[in-house]
Every structure is written in C-alpha cells, then in structure tokens.
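Trainee: I am new to this structure and would like to go through it step by step. Could we look at it together?

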Amino acid sequence: MQIGIIGAGRIGAFLAKSFTQLGHSVRISNSRGPETLKQVESETGATALPVAEVVKNAQLIILTIPTKGVFQLDRQLFESALENVVIVDTCNYNPSRDGPIEEIQNGKLNHTEWISHYFNRPMIKAFNNITDFSLKSKGGIQNAPNRVAIPVSGDSLKSKQLVSNIIEDLGFDAVDIGSLADSWKQQMGGPMYCNDLNREELEIAVQIANRSVMEEQYLEIFKQLYEFSNEYVEKNNLDISGSNAVLYVMEMGDAQVHNEFIRIFRKSFTNLQK
Ligand SMILES: NC(=O)c1ccc[n+]([C@@H]2O[C@H](COP(=O)([O-])OP(=O)(O)OC[C@H]3O[C@@H](n4cnc5c(N)ncnc54)[C@H](OP(=O)(O)O)[C@@H]3O)[C@@H](O)[C@H]2O)c1
C-alpha cells in the first residue's frame with residue numbers, strides 16, 4: 001500500500017519504520033522540509049517529500065502533528081488526494097500547547113470532528129491514545145493474553161477495517177468504538193487514554209465512558225503525573241521542574257517509570273467502574 005505520513009516525530013517516524021518493514025511504500029513529511037529528514041529516511045526506509053507530495057496517490061494518510069500545526073496546512077490539502085483515501089488523525093488537543101480552538105473548547109466538536117471539518121474530509125481516529133513508548137514496545141503476537149488494544153472510530157466501516165488491519169499488523173488488537181461523533185471516548189481524560197487496556201477492558205471502557213467527567217479526570221491524572229515526575233527529578237538531582245519534568249520523565253523511555261505513568265492513567269478507567 002502507498003502510505004503518506006504528515007509529521008515525522010515520535011509517532012510519525014515510528015509508524016513510518018513499521019510500515020516499511022511490513023512492505024508498504026511510505027512517504028513522510030514535516031514542517032521544515034524533506035532536506036531536514038535525512039536521518040528519518042535512513043532510519044525508517046521512508047522517502048521524505050513536501051507535505052503536498054506525500055498526500056498524492058496515497059491510499060492511507062496518517063496525520064500526526066501537534067494540533068496547532070494544522071493551521072499551517074492548506075485547507076485544500078487533501079483535494080489532490082485519491083477520492084477514497086483513508087485519513088487517520090492521531091492528534092490530541094492540548095490547549096497549553098496548541099492554543100485556544102473555540103469549537104473544541106466549547107464542546108461543539110470533538111477533536112477529530114474539528115480536523116475533519118477543517119479539511120472537509122472524512123477522518124478516522126486511531127493511535128491517539130497510546131504512548132509512543134507502548135507503541136514501540138508492546139506490540140504482541142495475535143491471541144496473546146493482555147495484548148494491548150487500540151480504539152478506532154469513524155463513519156466508514158470500510159475505512160475502519162483498513163485501519164484495524166494495519167493495527168493488527170503492528171501487533172495490537174483493534175476495537176471499533178463507533179462513529180466519529182463517538183471519538184471523544186478516546187480523547188484525553190477518557191477511560192481508554194494512554195492506559196494500555198486489553199480488548200476486553202476496552203470494550204467495557206466504551207460502555208462506561210462519561211463525557212461530563214473527562215476534564216476533571218484529566219486534571220486529576222495530570223496532577224498525579226506532575227507530582228510523580230517532580231519527585232522523580234528531585235530524587236535524581238535533575239535540574240528540571242514543573243511541567244517540563246512531566247515531559248522529561250514521559251520521554252525518557254524507562255520501562256519502570258512508564259509503568260507508573262500507565263498505572264496513573266488507568267485511574268480514568270478504574271474510577272468509572274466504582
Ligand atoms: N508522543 C506520544 O506518545 C503520542 C501518543 C499519541 C498521540 N500523540 C499525538 O500525535 C501527534 C504527534 O505526536 P508526536 O509525539 O509524534 O509529535 P512530535 O514528536 O512533537 O513530532 C511532531 C512532528 O509534526 C511535524 N509537524 C508540525 N507541524 C507540521 C505541519 N504543519 N506540517 C507538517 N509537519 C508538521 C513536526 O515537524 P517539524 O519538526 O519540522 O516542525 C514533527 O515532525 C500529536 O498531536 C500528539 O499529541 C502523541
């Protein structure tokens with residue numbers, strides 16, 4: 001399959017490498033231009049091109065950039081794409097990083113609905129709720145107990161099937177959680193956000209998701225991640241503090257530390273079961 005990836009960071013570069021290993025032809029782009037992606041090309045086997053070129057002739061496009069980067073993209077970008085291309089949004093909306101986006105903040109649209117409206121194209125939401133650490137390290141063999149499951153939402157069954165197949169090829173269970181209007185369930189603060197649920201748990205999470213408590217849950221979880229990370233950097237005499245400690249600890253790629261993060265994120269699931 002011809003796959004185009006917009007965004008060459010943690011998620012984009014990992015998916016590019018995995019897809020080329022699976023035998024797909026992958027093109028990848030970032031905001032600064034292909035000449036800045038030489039290392040990504042050599043590490044992933046993907047070809048770096050400008051964003052507009054990555055979109056052309058792709059059967060699957062993955063949009064994986066900070067949400068604020070969407071404003072730098074041409075709203076007509078996908079007009080040159082194949083008519084039946086499947087576009088996957090992996091992005092999360094983080095107001096402190098992405099700035100205010102009124103339609104999302106006032107609850108009129110969930111994140112991927114907003115992206116879909118912005119580009120006027122159907123979208124599938126997937127890969128937004130798994131950390132790059134888990135994506136890189138937790139793919140398992142089919143039917144393995146506790147295989148991590150990844151939710152997929154969107155309005156086309158055919159497109160969701162294609163995305164589910166690729167998730168399974170990467171070593172994860174794929175669970176169709178509903179339409180694009182339902183995709184809020186896999187957003188931050190929801191019961192399936194960054195907590196590595198298995199298929200059975202994920203199917204429960206779909207049923208118990210409660211939009212009205214998501215913001216409160218996320219704030220509580222962030223508070224706990226903040227406390228844990230700041231204690232960690234202090235104990236290790238690192239000169240980092242505040243939210244930077246959370247980013248540092250999250251990105252350090254230590255399995256034990258990551259497990260603690262997952263344990264904290266799991267509260268958004270277990271709290272709803274009480
Ligand atoms: N990391 C995770 O664990 C994780 C997990 C699930 C979902 N997500 C979400 O997935 C998205 C990507 O995350 P990430 O961690 O991979 O991000 P990242 O490591 O910060 O990388 C972002 C990439 O997006 C590119 N980019 C930014 N604006 C762009 C634009 N207008 N056009 C083309 N490329 C652009 C950047 O290119 P330049 O450097 O050239 O600007 C960079 O290659 C985010 O929305 C994030 O919230 C992340």
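**Reading the model**

Mentor: UniProt, in an unreviewed entry, lists residues 2-93 for "domain: Pyrroline-5-carboxylate reductase catalytic N-terminal"; UniProt positions are given in the numbering used here, feature names are shortened, and annotations may be inferred rather than shown by experiment. Residues are numbered from 1 along each chain as its sequence is written. This is a predicted model, in which local features need pLDDT of at least 70 and side-chain atom pairs count only at pLDDT 80 or more, while totals for chains, interfaces and linings use all residues.

Trainee: How many helices and strands are there in the protein chain?

Mentor: Helices (H or I, at least four residues) and strands (E, at least two) are DSSP runs, numbered from the N terminus. Counted in that way, the protein chain has 13 helices and 8 strands.

Trainee: Why is the protein chain said to be as compact as a globular protein of that length?

Mentor: The radius of gyration is taken over C-alpha atoms, and the globule rule is 2.2 Å times the number of residues to the power 0.38. For 274 residues that rule gives 19 Å, and the protein chain is as compact as a globular protein of that length because its radius of gyration is close to this, at 18 Å.

Trainee: Is Ile5 buried or exposed?

Mentor: Ile5 has its place in strand E1 (residues 2-6). A residue is buried if 20 or more other C-beta atoms, placed from the backbone, lie within 10 Å of its own, exposed if 12 or fewer, and partly exposed in between. Since Ile5 has 30 other C-beta atoms within 10 Å, Ile5 is buried.

Trainee: Which residues are the closest around the ligand?

Mentor: A residue is near a molecule if its C-beta atom, placed from the backbone, lies within 6 Å of it. Helix H1 (residues 10-21) gives the largest share of the shell around the ligand, 3 residues. Of the 26 residues that surround the ligand, the closest are Gly7, Gly9, Asn30, Gly69 and Cys91.

Trainee: Which helix gives the most to the side of domain 1 that touches domain 2?

Mentor: The domain assignment, which is automatic or from a database, gives domain 1 (2-209) and domain 2 (212-273). Two residues are in contact if their C-beta atoms, placed from the backbone, lie within 7 Å, and 14 residues of domain 1 are in contact with 13 residues of domain 2. On the side of domain 1 that touches domain 2, the most, 3 residues, comes from helix H9 (residues 199-208).
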